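User: Hi! Could you walk me through a couple of spots in this model?
Analyst: Happy to. Let's have it up on screen.

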Amino acid sequence: MIIGLTGRNCAGKGEVARVLVDAGFEYLSLSDELRRELKARGQPESREALIELGTSIRRELGPDILARRVATRFTPGLNQVVDSIRHPFEVMYLRSLGNFFLVLVDAPLEIRFQRALARGRVGDALTLEAFKSAEEQELSPSDPFAQQLLRTFELADFVIVNDCDIETLRQRVKDIFVLICAKLERPDWDHYFMAIADVVASRSSCVKRRVAAVIVKDKRIITTGYNGTPRGITNCNEGGCKRCLSLTPSGTGLDECLCSHAEENAIVQAAYHGVSLKGATLYTTFSPCVICTKMIVNAGISEVVFRSLYSLSTTAMELLSEGKVVVRQI
């Protein structure tokens, strides 16, 4: 999951992030992206410099550029906490990655001002009035490429009010985390196995198209197959199938094609290893041809799930129906 943090100055985003990092989250910050850029340009760091650079870089490279940059640093398989989100387009990009949740961290003005004083950072306001005035100027500037905090706050999925001691804050973070976990999305079984088929298809050597089949029984993968020349024969893309390399029009010269289809390879692999396919479900990225359909029926496969329709599929579909094979397209 990706938990994004946004909030007003000194609201306590860093403390919220620390709770998540202690629990194994990977920490990243959009402000750190700006700090790297300032360092690369040889410019001194200040709050004003960060805000000004953020505006210019969004205008030059797009309003979601910081989110896109930070996403390249994600470690696959880890949960991430992304700090300092300040623009709606940053939220939109991170949300497009899936399982993203924006948490707004807030606290009363007086409490945040006292935290700023305790922090003692150079350039921070020294009076409550100055602190409030500076904040109002930052919240919603007219420049659409500047940080848009108020609009970003409106996109929050959850709010944590940090007006308490550290132990109470930690408990509030844990409570929000439980709510987030309940909202995590996972693919259903159909899309799960079809996504695996996409990976299998990447092994295809056929230059005409890449197709894959995954045969499943009781939600367990029995066998996989992708299209290409037979075992031990020169790969199609290396010259093994002259028909495919000659850019022969689709649907013609099929009797000269040396490539085995994905469904065919998956079924043959099961036979090679002595595994029954009776009652199994076959997932394929393209609907089967007539030859593969005959093998599907004779192998006892009970269901075919496909994504794209093969152009020469009318007879195959009729045969699957007559053979009592359930067919679904996703």
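User: What does the side chain of asparagine 162 reach at 2.8 Å?
Analyst: In this predicted model, the asparagine 162 side chain comes to 2.8 Å from the backbone oxygen of alanine 11.

User: Where is asparagine 162 placed?
Analyst: Asparagine 162 lies in a loop, with strand E5 (158-161) on one side and helix H9 (166-182) on the other.

User: Is asparagine 162 buried or exposed?
Analyst: Its relative accessible area is 4%, under the 20% cut-off, so asparagine 162 counts as buried.

User: And which residues is asparagine 162 in contact with, leaving aside neighbours within four places in sequence?
Analyst: Those are Ala11, Gly12, Val105, Asp106, Ala107, Arg115, Leu169 and Arg172.

User: Switching to strand E1, how many of its residues are buried?
Analyst: Six of the six, residues 2-7, so E1 is largely enclosed by the rest of the structure.

User: Which residues are on each side of E1?
Analyst: Ile2, Gly4 and Thr6 are on one side, with Ile3, Leu5 and Gly7 on the other, and both faces are covered. In a regular strand, side chains alternate between the two faces of the sheet.

User: Nice. How many bridges join E1 to E4?
Analyst: Six, and E1 runs parallel to E4 (residues 100-106). Within E4, valine 105 is the bridge partner of glycine 7.

Terms used:
Residues numbered from 1 in each chain as written. Predicted model: local features only at pLDDT ≥ 70, side-chain atom pairs only at ≥ 80, totals over all residues. Heavy atoms only, no water. Helix = DSSP H or I, 4+ residues; strand = E, 2+ residues; numbered from the N terminus. Buried < 20%, exposed > 50% of the residue type's maximum accessible area, 1.4 Å probe, protein only. Polar contact = N/O pair within 3.5 Å; in protein donor to acceptor, adjacent residues only side chain to side chain. Contact = heavy atoms within 4.5 Å. Pairing = 2+ DSSP bridges.
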